[in-house]
Amino acid sequence: MEDHPDGEWVVQVVTGSATDRSYRCPGCDQLVPGASPHVVAWPADGLLGAEAALADRRHWHRPCWDRRAARRPRR
Ligand SMILES: [Zn+2]
């Protein structure tokens, strides 16, 4: 669980699984190979319900997620 300016996020570090799937990293718009270590994060607020939150999971490169966490935009 991490606090971010846009709310709380559930964050999981995955070490990579035996899959050929890859995902689009929201941080850099490049592919994240599912077989490589990366970060999975989704909103913890549960406004849309747990199932929607699961569907909203995002796969990030570790450095991209760290950059996002460090950015902390302020109005
Ligand atoms: Zn990335």
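Strand 1 and strand 2 of this chain pair in the antiparallel sense, over 3 bridges. Here two strands count as paired if DSSP finds at least two bridges between them. Helices (H or I, at least four residues) and strands (E, at least two) are DSSP runs, numbered from the N terminus. A hairpin of 2 residues connects strand 1 to strand 2, and Asp-3 faces Glu-8 of strand 2.

Before I continue, a word on the source. This is a predicted model, in which local features need pLDDT of at least 70 and side-chain atom pairs count only at pLDDT 80 or more, while totals for chains, interfaces and linings use all residues. Residues are numbered from 1 along each chain as its sequence is written.

The predictor's confidence in each residue, pLDDT, runs from 0 to 100. The chain averages a pLDDT of 82, and 80% of the residues score at least 70.

Let me turn to the overall layout. The chain contains 6 strands and 2 helices, and along the sequence they follow the pattern β-β-β-β-β-α-β-α. Two residues are in contact if their C-beta atoms, placed from the backbone, lie within 7 Å. Of the contacts between residues at least 6 apart in sequence, 52% join residues at least 24 apart.

Next, the inner pairings. Strand 2 (residues 7-14) and strand 5 (residues 38-43) run antiparallel and are joined by 6 bridges. Trp-9 has Pro-43 of strand 5 as its bridge partner, Val-11 has Ala-41, and Gln-12 stands opposite Val-40. Strand 5 is in turn joined to strand 6 by 3 bridges, again in the antiparallel sense, and there Val-39 stands opposite Trp-60.

I come now to burial. A residue is buried if 20 or more other C-beta atoms lie within 10 Å of its own, exposed if 12 or fewer, and partly exposed in between, with C-beta atoms placed from the backbone. Buried residues account for 11% of the 75 residues in the chain. How many of the 8 residues of strand 2 are buried? The count is 0, and the strand is hardly covered.

Val-11, in strand 2, illustrates this. Val-11 counts as partly exposed because there are 16 C-beta neighbours inside 10 Å. Leaving aside neighbours within four places in sequence, Val-11 is in contact with Glu-2, Val-39 and Ala-41. Met-1 is 10 residues from Val-11 in sequence, and their C-alpha atoms are 5.8 Å apart.

Which residues make up the largest nonpolar core? The 5 members are Val-32, Val-39, Ala-41, Trp-60 and Trp-65. Such a core is a set of buried Ala, Val, Leu, Ile, Met, Phe, Trp, Tyr and Cys residues joined through C-beta atoms within 7 Å. In soluble globular proteins, nonpolar side chains tend to be buried together. Residues up to four places away aside, Trp-65 touches Gly-27, Val-39, Ala-41 and Trp-60.

Finally, two loop residues. Asp-6 lies in the loop between strand 1 and strand 2 and is exposed, because 11 other C-beta atoms lie within 10 Å. The C-alpha atoms of Asp-6 and Pro-43 are separated by 8.9 Å, although the residues are 37 apart along the chain. Asp-29 lies in the loop between strand 3 (22-24) and strand 4. With 8 C-beta neighbours inside 10 Å, Asp-29 also counts as exposed. Its phi is near 65°, a positive value in a residue other than glycine.
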